[in-house]
Amino acid sequence: MTASPIPITIITGFLGSGKTTLILNLIPQLPDNYRLALVKNEFGDVAVDSQLAASSAISGVRELLNGCICCNLVGSLGDALETLRTEQSPDRFIIETSGSAFPATLAMEINRIARETGHYVLDGVISVIDVENWKGYDDTSVTAKLQANYTDLLVLNKWEHVSERALEECIDRILDLDLDVPTPREKSDKGWVSKDVLLGLDAKLAKSAEEEQEHPHDHDHHSEVEVLSVTLSSPDPSDGVSWPRLKTLLQEASKDEVYRIKAVFYCLEAPSSSNGDKSALPTTADSPGRYILNWAFGRWTVTQVPNTQQEEPVLRMTVVTGRCESAKWQRRIEVGEFTALHREPEAPRLNVVRVS
């Protein structure tokens, strides 16, 4: 008996819109025996969200790093799906794209893989809209507009932080994108949307994308962002990063210049999120705890995760900036404004590289 094709849901949205939060809020709504496999596409070499997601009952995670899933990483997608299919036997795939991915191209690639293998079916494309910051990046980002246009469902996120008028203006801007058919919209509850809304879409995007001989993907959307990879190491395995110094970066990063900061770091004190909530202290005295940092548009969260048995740098961080902005932030990081060791503040082993 031939197995039914495994549904695939694409979740896209501009940098910092709240895609991972949407996924993590979906997981508790699924049955206990439901197996969800995640394919994540990230800039840089810090697979932060994958580590966070892997600790949240997802059956398997594959990471496609240092490139865009709708451009130079397209060939890797089939391998990632096949590995998860054979190793995890999932009930569903979720593909979370990088903030610059163009969903129509990805939908066409999934349909091609589905036809060739018979193992998959595209369930739909979901675009997460950051209502609070949409007015800023829809003026400058072609990709943000395309993500809002080529989709089956728009999830309005962070609308709680704006006035009713600002919410209406955001919706009006979206409606001005020349949508042929009005796209369903759903307001999230701080990143939570019912699974009945998110899963089982009609995948009209998949059908329309296949019918187009040409699609608006001739822009170089990688030119919209620049990416820095930051590593801070210490010869002392019991050392950690200076949290006050790192926090300075989070406070001073301008949301007009910096789109996203993600990091895995070790710390000897309890770091705090932007709302003042402190993470748990390290579980062992005189040993650092391991934390995941997510920053977007002036707000950040810090989440404690289990220490790994592998040797890691004290800090591994990816900083995504706007076009022509990375050089300034690279210089500030390199001179030590934002990075230092807790016990060895004057001799950091710091490496800052622009990777995109």
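This is a predicted model: local features need pLDDT of at least 70, side-chain atom pairs count only at pLDDT 80 or more; totals for chains, interfaces and linings use all residues.
Author: Let us start with a term: helices (H or I, at least four residues) and strands (E, at least two) are DSSP runs, numbered from the N terminus. Residues are numbered from 1 along each chain as its sequence is written, and side-chain values use heavy atoms, with hydrogens and water left out.

Reader: Thanks! What is the phi of Lys-158 near?

Author: First the general idea: most residues other than glycine have a negative phi. Lys-158, which is not glycine, has a positive phi near 60°. Ser-89 is also a residue other than glycine with a positive phi, of about 45°, and Ser-89 sits in the loop between helix 3 (74-88) and strand 4.

Reader: Is Lys-158 buried or exposed?

Author: Buried means under 20% relative accessible area, exposed over 50%, and partly exposed in between (1.4 Å probe, protein chains only). Lys-158 has a relative accessible area of 17%, so it is buried. Leu-38, in strand 2 (residues 36-42), counts as buried because its relative accessibility is 1%. For the protein, 54% of the 356 residues count as buried.

Reader: Why is strand 6 described as largely enclosed by the rest of the structure?

Author: Strand 6 (residues 153-157) has 5 of its 5 residues buried, so the rest of the structure largely encloses it. To read the faces, remember that in a regular strand the side chains alternate between the two faces of the sheet. Here Leu-153, Val-155 and Asn-157 lie on one side of strand 6, with Leu-154 and Leu-156 on the other, and all are buried.

Reader: Which strands pair with strand 6?

Author: Two strands pair if DSSP finds at least two bridges between them. Strand 5 pairs with strand 6 in the parallel sense over 5 bridges, and Asp-130 has Asn-157 as its bridge partner in strand 6. Strand 7 (residues 185-187) runs parallel to strand 6, joined by 3 bridges; there, Glu-186 stands opposite Val-155.

Reader: How many residues of strand 1 are buried, and which strands pair with it?

Author: In strand 1 (residues 6-13), 8 of 8 residues are buried. Ile-6, Ile-8, Ile-10 and Thr-12 point one way, while Pro-7, Thr-9, Ile-11 and Gly-13 point the other. Strand 1 pairs in the parallel sense with strand 5 (residues 120-130) over 8 bridges, where Val-128 is the bridge partner of Gly-13. Strand 1 also pairs in the parallel sense with strand 4 (residues 92-96), over 4 bridges, and Ile-8 stands opposite Phe-93 there.

Reader: How can I read contacts in the protein, and what share join residues at least 24 apart?

Author: Contact means heavy atoms within 4.5 Å. Among contacts between residues at least 6 apart in sequence, 79% join residues at least 24 apart. The protein has 11 helices and 13 strands.

Reader: One more: what separates the C-alpha atoms of Leu-38 and Ser-50?

Author: Those C-alpha atoms, of Leu-38 and Ser-50, are separated by 8.4 Å, and the two residues are 12 residues apart along the chain.
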